[in-house]
Amino acid sequence: MRVRDGYVVHREVLDESRLETVAQKGTWSTKPTVSERMKDMLRCSVSQVKNVLLTWIPILSWLPKYPFRENIISDLMSGCSVGIMHLPQGMAYALLASLRPVLGLYSSLYPVLVYCIFGTSRHISIGTFAVISIMVGSVTERLAPDSNFILNGTNGSEIVNLAARDSYRVQVACSLTVLSGIFQLLLGLVKFGFMVTYLSEPLIRGYTTASACHVCVSQLKYLFGVKPARFTGPFALVYTLVDVCRLFPQTEIPELVVSLVALAVLIIVKELNDCYRQKIPLPIPIELIVIITATVVTYFCGLNTEYSVDVVGEIPTGFKPPRAPDTTLFSQLIGDAFAVAIVGYAINISLGKTFAIKHGYKVDSNQELVSLGLCNTIGGLFRCYAVTSSMSRSLVQESTGGKTQVAGMISSVIVLIAVLKIGSLFEDLPKAVLSTIVFVNLKGMFKQFMDLPMLWKTNKVDLLVWLVTFISTILLNLDLGLAVSIGFSMLTIIFKTQLPRYSILGNVPGTELYLDIDAYKEAKEIPGIKIFHSSATINFTNAEMYLESLQEKSGIDIGKLQTEKKKQEAKQRREQEKQKKREKDEAKKNVCILLNKNKDNQNGVVLSMPDTDSDISGKGQINWGYHSNRVTSDSDSDSYEVFTVDSNQGEGGKKSCCRSGTHSIILDVSVTSSMDTVAVKTLKNIFSDFGDVGVTIYLAGCQACVVEQMERANFFSEAVPKSCLFVSVHDAVLHIFKKLGQEDNDFDVSCVTQM
């Protein structure tokens, strides 16, 4: 019933047993049985085949409905812009993977077409990406180092067989790509897309930031024209950076000049693109312009021959036939392939969901895993290396008006033309220019350092995850760094469950609200009732801490009270024994008096009894049990006020013993989503131990699934009936007042709630 801006609720107090009756709880299950699901899976019909095809091949669902007139212009402009970006980025990122630039162009073609068919995101741009490229490069350089391909030259000099080295590196990269694609496919088929939720955003951002540092250090040799030694394993980045600094005196000035000029032009024009992106229809393709200009200048000025500027070299045109991966390498690539699969998928799904939320459509996490797996598996057969979505290209595709995956198809056409016709024109392109393109495109990832002050203000645990991920990835390399960061992230989850916040709740007068008395000034404790709340699910990791905090917050030390109870019972037994002895002595004395009286009466003498004991109604004996109606505790327990209360008006009609006036405790378990055997046993012990010292325990806010788990664990019994479970804390409080005959209590806890 509405009352102005508030509400009033009229209903009976509901415990669990009454709730099951009122709400008509059933034992039926709406889930199909295993046999029914198997029959449904094996049943073949036209509609079922159609649904399977539309689920696994999303292009069949959206392409027939494609609004050609409305979207084609936007998709065409977006596809051309992204395709132009693919050319320089594909060649530049191939250097990160220690591969020939043409493989970067292949990786910008085949996987994009595959994703257009099987992907569900309309805005992400699949292709080469700096982080994945550096992960692939670390593997290719480890398994195919220059030292394995050294030939003896003239005059005793040693030269590297570049053709054999590059061929083997392609084999390693393609095998790694196929294996990572297989991992992604298998995980997608078993609906394991949810696993990316264990890679938190701070972890991903810290990892990509550290990867950006690896990328920068790996490209310094091209910028300065030096040749540092190759290092692997932990601290490889530090050793490489130290070696580059050592080689600074050997810097090739022509390459440094080319790098600085290209870097300055790229930074200035990209900043102009950012400033005027609302005013210009398409961003200036400065990367492509720089590549063309640098190639022309190098060719006509002879920078390669005259000044020894390192250039890209031969870029073959056309395509190679597909080739099966070298399966003998799989055993050496399993760990790296799994890391590439997980990181690639995490980056892909995070970008995909970001654009999906912004534009109001849904991205299927499992289908994205399958589509990315197909991109890598099929791409690896055609000499592509591992791919994922690119942040910079995806932003361009979205900002230039891209509506659907058609934009990706158009960008593939641009790359196709480059591979078939104009790829060989870039053979004189300086590698230093490609390195500057890599540097500039890392700007977005380096901006993630701004996460640190934000996380410091909002969440210290997430800040710690970010820092541990960053530092471990910097020092231990990309593979070990990822493993350490995931392990640490899992530890934070464990610590959060083991260190929940425990609080005592109080009632906001005139309402049914119960809030933390330490956080809310208006929340008042109800006399005689403690309402205990935990911010986390009760399970085996924190069950013991839950019991300890309950005793601490309620001020009831079970161990000490049980000791006091034993002392009290022992003292009562001693008093009873003394009383029995006095009764026997009095009985003997009375018998003697009666015998003497009878004898004196026979002799004519009358004896009068004292008046002090004349209140025994002429029974002739005294019952001293009625004279001792107050039991006090020993002198060493001054802080514990132990007294007896007749609870015949309550449940069970037992004597109740309370400490400091607390006669009832309500456990608010509304946040508990599951109950393991340790938690059930702990709750049983709480009911038993507190019941022994006269404190009644109630549960409030149990979810239906938790109640079912408690039933299966045989939690309920005559000692712990379902009537001790209540729908809410307020129901439990009203029940306690009714039980104690305090329905008209002085404390303002009303049966009618209004605010």
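Mentor: Buried means under 20% relative accessible area, exposed means over 50%, and partly exposed is in between (1.4 Å probe, protein chains only). We're looking at a predicted model, where local features need pLDDT of at least 70, side-chain atom pairs count only at pLDDT 80 or more, and totals for chains, interfaces and linings use all residues. Residues are numbered from 1 along each chain as its sequence is written, and side-chain values use heavy atoms, with hydrogens and water left out.

Trainee: Okay, buried or exposed: which is Thr 177?

Mentor: Find Thr 177 in helix α9; helices are DSSP runs of H or I with at least four residues, strands are E runs of at least two, and both are numbered from the N terminus. The relative accessibility of Thr 177 is 0%, so this residue counts as buried.

Trainee: How many Å separate Thr 177 and Ala 386, C-alpha to C-alpha?

Mentor: Going by sequence, Thr 177 and Ala 386 are 209 residues apart. In space, though, their C-alpha atoms are separated by 4.8 Å.

Trainee: Which element gives the most to the nonpolar patch?

Mentor: Patch residues have over 30% relative accessible area and no salt bridge, and nonpolar side chains (Val, Leu, Ile, Met, Phe, Trp, Tyr) are joined within 5 Å. Here Ile 182, Leu 186, Leu 189, Val 190, Phe 192, Phe 194, Tyr 198, Met 490 and Ile 493 make a patch of about 800 Å², an area from the Shrake-Rupley method with a 1.4 Å probe. At least two residues each come from α9 (162–189) and α22 (460–498). The top contributor, with three residues, is α9.

Trainee: What is the relative accessible area of Tyr 198?

Mentor: You'll see Tyr 198 in the loop between α9 and α10 (201–224). Tyr 198 is partly exposed, because its relative accessible area is 42%.

Trainee: How much space lies in the largest cavity?

Mentor: A cavity is a set of points on a 1 Å grid over the protein atoms where a 1.4 Å probe fits but cannot get out. Points are joined across faces, edges and corners, and the volume is the space filled by probe spheres set on them. Searching the whole structure turns up four cavities of 30 Å³ or more. The largest cavity holds about 90 Å³.

Trainee: Which element supplies the largest share of the lining of that largest cavity?

Mentor: Lining residues have an atom within 4 Å of a point, and the largest cavity has 15 of them, with Val 112, Ile 124, Ser 125, Gln 397 and Gly 408 nearest its centre. Two or more residues come from each of α5 (68–96), α7 (110–118) and α18 (406–422). The largest share, three residues, belongs to α7.

Trainee: How many salt bridges does a search of the whole structure find?

Mentor: Side chains of opposite charge can pair when their charged atoms come close. To count as a salt bridge, a side-chain nitrogen of Lys or Arg must be within 4 Å of a carboxyl oxygen of Asp or Glu. In this model the search finds 16.

Trainee: How far apart are the closest N and O atoms of Lys 443 and Glu 271?

Mentor: These two form a salt bridge, with closest N and O atoms 2.6 Å apart. It links distant parts of the chain, 172 residues apart: Lys 443 in helix α20 (443–446) and Glu 271 in helix α12 (253–275). Lys 443 is partly exposed at 31%, and Glu 271 is partly exposed at 33%. So the N-to-O distance you wanted is 2.6 Å.

Trainee: In which helix does Asp 274 lie?

Mentor: Asp 274 also has a salt bridge with Lys 443, at 3.5 Å between the closest N and O atoms. Lys 443 lies in helix α20, so the pair ties together parts that are 169 residues apart in sequence, with Asp 274 in helix α12.

Trainee: Buried or exposed: which is Arg 165?

Mentor: Arg 165 forms a salt bridge with Asp 146, their closest N and O atoms being 2.9 Å apart. Asp 146 is in the loop between α8 (130–143) and β4 (150–152), while Arg 165 is 19 residues away in helix α9. Asp 146 is partly exposed at 33%. At 14% relative accessible area, Arg 165 is buried.

Trainee: Last one: what is phi of Asn 714 near?

Mentor: Most residues other than glycine have a negative phi. Asn 714, in the loop between α26 (704–712) and β14 (725–726), is exposed at 58%. Its phi is positive, near 55°.

Methods
Patch = residues over 30% accessible without salt bridge, like charges linked within 9 Å, V, L, I, M, F, W, Y side chains within 5 Å. 1 Å grid on protein atoms, 1.4 Å probe; cavity = no way out; pocket = protein on both sides within 12 Å on 5 of 7 lines; lining within 4 Å.
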